[in-house]
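Hi there,

Here is the structure I promised to pass on. My notes follow below it.

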Amino acid sequence: MTTKPPEPPAFWHYRAFALPVRSSLPLPGLAPSAPETGALTLEVAPRREIDDLWSGPAGEPIWSTAIDGSPYAMRLGRADDYLMTYGDDALYLLSADLRELRCAPEQPADPAWRRLLLDTVLWTVSLLRGVELMHASAVKGTTGVVAIAAFSGGGKTSLAWELIRRGAALFTDDILALPAVGGELRAHPGPGLMNLPHAEQGRHLVGEVLGSFPTEEWVTVPRAALGAERLAAVCLLRRRRGATLALRRLNPTVLDLLPFSLAFPDLRGRLQQQFMLYSRVATEVPVYELSASLDAPPGSLADLVEPLATGPDRRRPAA
Amino acid sequence: MPEPGRPLRARIPAHVVYRDFPEETVVLNLETGQYHGLNATARRMLEALDDAGDVELAVAQLAAELDVPRSRIEAGLSKLCAGLAARGLLELHDDQAA
């Protein structure tokens, strides 16, 4: 007698960047979640279907950039839908009610379109739905979540990875979700995924290599945080030529944090919410400036930040 | 600014929000998207204007609580009102204006 293998679920349910997702395909690195009303329904669709559904551009792109050498553009449609194009590799169409996301990859087996989906398109939907986002990587320690805010290329991922090697859990790589709700200020995790340089140490902490790119690998990090957590500290990482390595507590205002907030030009109506949320962070969460020279190794930065994640009394065993 | 001695109403418009921080108050004009910083003195003056709703009453309120000549308070408040109004952070209205 043979046993029939269980049918795969019709939809997988996840949560990332405070966004509930109902996906017709399994997604790596995302925390499984119970079904939620209002979830974003995600499915792969033929390019022709997206061409038929897209209402046409309402104007110039909201956001244009290059990701891994391919142009990426986000456009608002005449019917308030959004189209994201990733070179010739993929299209992503978000419905006007922000409830349905259709993905049309040119090469479904290519990891690049999935990486863009999970590290850019998902947080874009979260932002459009009203969640505030900070340009920060973050780890979870015994004290809560420690965010490391910096601009692109500032060393957020390297420092976060060094803290993970020392025992912290990945909370998010690059984008931290901060829903604007009352009560305790809580951060929401991103996918348990990172982009690590090929030669990065600590490979035993990596789960699956999902894709190999010219300068980095896209990997799963099994020991990642799954749920919302208290935001314990924010470090503003500032690397400057010749800067002395130092961590100092700031007496911040909202203006210290707003440069690290994400927004699109058509979200001007969100200014007040953004102002209030980051004012809360400035007044309720310890904010530090971590200054370092351009060539300071991540380990020296982690020596200063680690006590924020683990508490001052924790003694790291000698290697 | 109207001539001295005329009642002048003052009001923080709905498109202005502000938050206090230990060393500074940050004011946001939602219409322009511009942020502005106020020191503690300017913050107290803004609060007095908001409470009193009238420049002369605000001067009297500040004169009663501060050990500063009234003329200095008037000059400082007048300058602040002009600066805030120019940035869309304060609405001034002369009740007796035609």
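A word on burial to begin with: a residue is called buried if 20 or more other C-beta atoms lie within 10 Å of its own, exposed if 12 or fewer, and partly exposed in between, with C-beta atoms placed from the backbone. This is a predicted model, in which local features need pLDDT of at least 70 and side-chain atom pairs count only at pLDDT 80 or more, while totals for chains, interfaces and linings use all residues. Residues are numbered from 1 along each chain as its sequence is written, and chains are lettered from A and ligands numbered from 1 in the order in which they are written.

Now to the loops. Ala18(A) has a positive phi, near 65°, though it is a residue other than glycine. Ala18(A) sits in the loop between β1 (12-16) and β2 (19-23) of chain A; strands (E, at least two residues) and helices (H or I, at least four) are DSSP runs numbered from the N terminus. Ala18(A) counts as buried because it has 22 C-beta neighbours inside 10 Å.

Asp68(A), also not a glycine, has a positive phi of about 50°. Its place is the loop between β5 (63-67) and β6 (70-76) of chain A. Is Asp68(A) buried or partly exposed? Asp68(A) counts as partly exposed because 16 C-beta neighbours lie inside 10 Å.

Finally, a helix pair: the axes of α3 (residues 156-165) and α6 (residues 298-310) of chain A come within 9 Å and cross at roughly 65°. Axes here are lines fitted to C-alpha atoms, for helices over the stretch in contact, with angles running from 0 to 180 degrees between N-to-C directions.

Best wishes
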